[in-house]
Amino acid sequence: MSEPRRILELTELSVAHAGVPELDRFSLTLEAGETVVMLGDAGSGKEALIRVLGGFAEKSDEISGTVRFADTEARPAAKRARPPIRIAYLPSPLAQPFVGHVPVLSQLSRVVARKLGSPLTTAQEELRLALERLGGAPPLFVFDQKPRLLDPLTMAWGLLGSVTAQTPDLVLADHPFADLGPTAIRTLLAALSAEQKRLGFALIYTTGSLQPAARLGARVIVMRGGKVIEEGAVARLASGHAHAYTNTLFKALPQLEFDKPKGRSAARGQPLLQVYGLDLIGDGRREGITFELRRGASLALVGEEGSGRRELARAVLGLDRAPIGRVVFDAVDLNVLTQTMTSRLRRRVAFITGADDALDPRMSLWDTVDEPLRAHLNLSGDLVGGYREAALKRVGLSSHDGRRTVATLSAFDKRRLQVARAIVGAPLLAVVDEPLRGLDAFAQTVMREVLTDFRTQQGPAFLVITSDFTVAQALADDAMVLKDRKLLERGPIVDILKSPRDPYTKGLIEAVTFPGLSQSPPAV
Amino acid sequence: MSLTSPAPSTPVLSTALRLIGWGGLGLIAVAVSLSDFLAHAPAGAAGVGPMLSAPSEAFPFGTDLLGRDLLSETLHGLSVTAGHALLAASVAILVGGLFGAVAARLPRALSLTLRAGMGVLAAIPALLLAILVIGLTARLYAPLAAGLAAAPLAFVRGYDRVEVQSKSTHAEYARATGIAASTLLRRDLTYEFRDTLATVAARALAAVTIILSTVSFLGFGATPPSRDLGLMIAAAKANYLQAWWTAAFPALALVLLILCARLAAALGEGERP
C-alpha cells in the first residue's frame with residue numbers, strides 16, 4: 001500500500017504583525033485527505049497561519065520558518081512565490097467576501113477560472129457541476145444575483161461549490177459557516193467531507209466554535225496566544241483528561257439535557273402575550289397559530305431561516321401586520337391600536353439579537369444604555385448613571401470606556417451591550433433572536449450566562465428565536481417548532497427532545513447532538 | 001470573532017488635513033480680528049501712497065489706482081468676506097442641513113414634498129439663486145442670499161443622511177422597543193450634526209465664500225465703501241495687465257480662505273455645504 005502523499009509541511013513558523021507576535025514556532029504536517037481543525041479564540045494564531053498559507057500576508061508581517069508543499073524543497077515561509085499545489089480559500093459569508101455590485105455567480109466563476117487557468121465559460125460549467133455534486137446546494141442560476149439578495153446559507157453553498165470546482169490540493173477553511181444554524185452547518189460539513197473523500201484534498205479548518213470540531217471528528221489543534229496548547233482527537237480532548245484551557249473550551253460545547261427537570265410552565269402566571277389564529281401565509285387555507293405567553297414564562301420559536309419564526313415575532317410585536325389573526329399584548333389588542341399607542345406598549349419589550357447592526361454605531365456605550373431610561377422616564381442624571389453602571393457591571397462591560405462608540409466595539413461587546421440596554425428598560429417581554437450566532441466558544445458561554453442571569457434576576461418573559469435546540473433549552477422552557485411558516489409541534493422542550501413527532505424536529509435535534517461527546521438522545 | 005474590542009482608529013491623513021485647515025482658519029480669524037491694528041491705513045483710505053506702486057518695503061502689496069495701500073485693503077476685504085461668509089454659512093447650515101434633518105422625520109407626504117421642492121431648487125446653480133434672492137431683496141442681504149442659495153443642497157444632504165438612518169436596522173429595533181420618533185430625531189441631530197458640525201461648517205464656509213465673492217465680482221454683492229475680496233478683484237480688472245498685484249493679493253487671500261476651509265473639511269466636496 002502506497003504512503004499517503006504529503007501536502008504540507010510547516011516547520012517552526014512564526015508570525016509577528018507590526019511587532020506583535022501572533023504565531024510562535026508552529027509546526028504542522030498534513031497529508032492528502034487529512035483534516036486538521038485549528039480551534040481557538042481570536043488572536044490565537046490561526047488567523048496568522050491562514051494569512052501565510054493563503055498568500056494574504058501583510059507588509060507589516062514578520063515571518064520566519066519554512067514551508068514545504070508536496071514533494072518540493074522546503075523554502076522560507078516569508079518568501080512570496082506561487083505555491084506548487086492548488087490552494088483554495090473558503091471564507092465565511094459573514095466576512096463579506098463578495099463585491100457588492102457584481103453578481104455572485106460572476107465573482108465565483110472568476111475565482112475558479114483564475115485557479116484553473118481556464119476560460120470563464122469553462123469555469124462556470126465546472127462551478128455548475130460542483131454545485132450539482134454537493135447535493136442540497138442551490139442551482140447555478142440562483143447565484144446570478146448581487147450578494148445582498150442572497151442569504152448566508154446560499155452564499156456558503158456558493159463558496160463551497162467554488163472551492164470544490166477548483167479541485168484543490170489544500171483547502172483553507174476560515175470560519176466558513178460561523179453565522180449559520182446547526183442544521184445548515186451539519187449539512188455543509190457533510191458535503192465538505194464527502195467532497196474531501198472524493199477529491200482527496202487536505203483541509204485546514206479554523207474555528208472558534210466547537211460544533212464544527214466535534215462534527216468533523218478530525219485532529220484538533222488547540223491554539224492560544226499563538227501557541228499550540230495541545231493536539232489530539234476530539235474524543236480525547238473532550239474527555240476531560242486534557243489541558244485546563246481545552247477543558248474550558250469543551251465545557252462551552254452546548255449540550256442538550258434530555259433529563260432536565262421541566263421549568264416553569266407557560267401555562268402559569270398572568271397572560272402577557274396572546275396570539276389567536278395568526279396565519280403567516282395569509283391564504284386562509286389553514287388554522288392559524290394560537291399560543292399564549294404568560295408573565296415570566298419562556299417560549300422558543302425553533303426553526304431555520306425561512307421557517308417563519310422571525311415573521312411570527314415581528315407580527316407578534318406589531319412591527320408587521322399579519323394578514324390573518326389577532327395579537328393581544330398585556331391585555332391590549334395590537335390590531336386596534338394606533339402607531340403611537342403601539343409604540344407606548346413596546347416600551348416594555350426588549351430586543352436582543354445576533355444582528356450586529358441592531359445598535360446605533362454612532363452612539364457611545366453610555367448613551368446606548370441611557371437612552372431607554374431618558375426616553376421613557378424622568379430620572380435625574382445620578383439615577384440614570386447608577387442604573388447604567390449596575391447594568392454594565394452585570395454584563396461585564398463596566399471596565400470599558402463609556403465614551404467609546406458602538407462602532408468600535410467587538411461583536412461580543414455589542415451583544416452584551418444589548419443585554420445591558422434591555423436590563424435598564426425592565427421589560428415585561430424580551431425577544432431574543434439568535435443571540436449566540438457567530439460568537440466564539442468562550443463568548444457563547446458568557447452570553448448564555450448573561451442572558452440566564454437577566455432572566456432569573458428580572459424575570460421578563462422570554463421569546464427566543466433560534467434554530468439551535470441547545471440555545472432554546474438554555475433560555476426557554478417551552479418551544480414551538482416552525483417550518484415553512486407552519487407550526488409543526490409545541491410543548492415543553494424536554495418532551496420535544498425526548499419524543500420529537502416530526503422528522504424536521506428530529507433533524508434539528510440531531511444537528512446539535514454529538515455522539516461520543518455529549519449525551520445522545522434516547523431511542524425515539 | 002474578537003472578544004476584546006480593537007482600539008478606535010482615526011485616519012491619519014484626514015486628521016492632518018483638518019488640523020492644517022483649522023490652523024489656517026484660526027490664523028485668518030486672528031488676522032481678521034486684528035485687521036484694524038495690522039492695517040497701515042483705514043479701509044478705503046485713498047492717497048496713502050503713489051498710484052499703482054509695485055510691491056515695495058513701504059507697501060508690501062503695492063498700491064492701487066487711488067493710491068490705497070493694498071495690504072491694508074486686502075486685510076479689510078478679507079475681514080468683510082470672512083464675516084459675511086460666516087453669516088452665510090450659518091444660514092446654510094440652519095435653513096438647509098438642520099431643516100433637512102427635521103424634514104426627513106416629518107409625516108411622509110409632507111417630507112417627500114419638501115424633499116422634491118428642495119431637490120428642484122438644488123438643481124439651480126447656487127450663484128443664479130443668490131443673484132435672484134438679491135434681486136428680490138437688496139444687495140445688503142448678499143450674505144443671507146448666499147446662505148439661502150447654498151441651503152437647498154445642504155437640505156438635500158441633511159435629509160438624505162437622516163433618511164438613511166431612519167431606514168436602518170438599529171432604528172427599526174429602537175422603534176420596536178418603543179423609542180419615539182422624537183428621540184430618534186434627537187439621535188440624528190446629535191450624532192449627524194454634533195459629530196460632523198465642524199466638517200459641515202467648514203464645507204459650507206468654502207461654498208458660500210465662493211458664492212459671495214463671485215456675486216460681488218459680478219457687481220451684485222458688496223457696495224463701496226464696504227469692499228470685499230470679490231469686489232476688489234473686480235475693481236482691479238482695469239489695471240490688471242499693468243499692475244498684477246492689484247488683483248493677485250486679494251485673489252491670494254480669497255484662495256487661502258477657501259483652501260483652509262476645504263482642508264478643514266478634509267477636502268471633502270468643497271462646493272457642497
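Is B:A149 buried or exposed, and how many other C-beta atoms lie within 10 Å? In this predicted model, local features need pLDDT of at least 70 and side-chain atom pairs count only at pLDDT 80 or more, while totals for chains, interfaces and linings use all residues. Residues are numbered from 1 along each chain as its sequence is written, and chains are lettered from A and ligands numbered from 1 in the order in which they are written.

B:A149 turns out to be buried, with 30 other C-beta atoms within 10 Å. Here a residue is buried if 20 or more other C-beta atoms lie within 10 Å of its own, exposed if 12 or fewer, and partly exposed in between, with the C-beta atoms placed from the backbone. The residue sits in helix α6 of chain B; helices (H or I, at least four residues) and strands (E, at least two) are DSSP runs, numbered from the N terminus. Leaving aside residues up to four places away in sequence, B:A149 touches B:A126, B:L129, B:A130, B:V133 and B:I211, where contact calls for C-beta atoms, placed from the backbone, within 7 Å. B:L128 is 21 residues from B:A149 along the chain, and their C-alpha atoms are separated by 8.2 Å.

Helix α6 (residues 142-166) of chain B also packs on helix α4 (residues 108-123) of chain B, at an angle of about 135° and with the axes 8 Å apart. Axes are lines fitted to C-alpha atoms, for helices over the stretch in contact, and angles run from 0 to 180 degrees between N-to-C directions. The two helices are therefore oblique to each other; angles under 35 degrees count as roughly parallel, over 145 as roughly antiparallel, 65 to 115 as roughly perpendicular and the rest as oblique. On the α4(B) side, the contact is made by B:R115, B:M118, B:G119, B:L121 and B:A122, and on the α6(B) side by B:P152, B:L153, B:F155, B:V156 and B:Y159. These contact residues split into 8 nonpolar, 1 polar and 1 charged. In that tally Ala, Val, Leu, Ile, Met, Phe, Trp, Tyr, Cys and Pro count as nonpolar, Asp, Glu, Lys and Arg as charged, and the others, Gly among them, as polar.

Between the chains, 19 residues of chain B are in contact with 36 residues of chain A. On the chain B side, α7 (169-176) and α8 (181-194) are the elements that give two or more residues, and α7(B) supplies the largest share, 5 residues. By class, that side has 8 nonpolar, 8 polar and 3 charged residues.

Over in chain A, 4 strands form an open sheet in the order β2-β1-β4-β5, with antiparallel pairing; two strands pair if DSSP finds at least two bridges between them. At the edges stand β2 (20-31) and β5 (75-76), each with a single partner strand, so one side of each is left without a neighbour in the sheet. Inside the sheet, 8 bridges join β1 (residues 6-17) to β4 (residues 61-69), and A:E9 stands opposite A:R68 in β4(A). Elsewhere, β16(A) pairs with β17(A) in the parallel sense over 5 bridges, with A:D433 as the bridge partner of A:T353. Strand β16 (residues 349-353) of chain A has 5 of its 5 residues buried.

Finally, A:A426 has a positive phi of about 40° although it is not a glycine. A:A426 lies in the loop between α13 (411-424) and β17 (429-433) of chain A and is partly exposed, with 17 other C-beta atoms within 10 Å.

Key:
Two residues are in contact if their C-beta atoms, placed from the backbone, lie within 7 Å.
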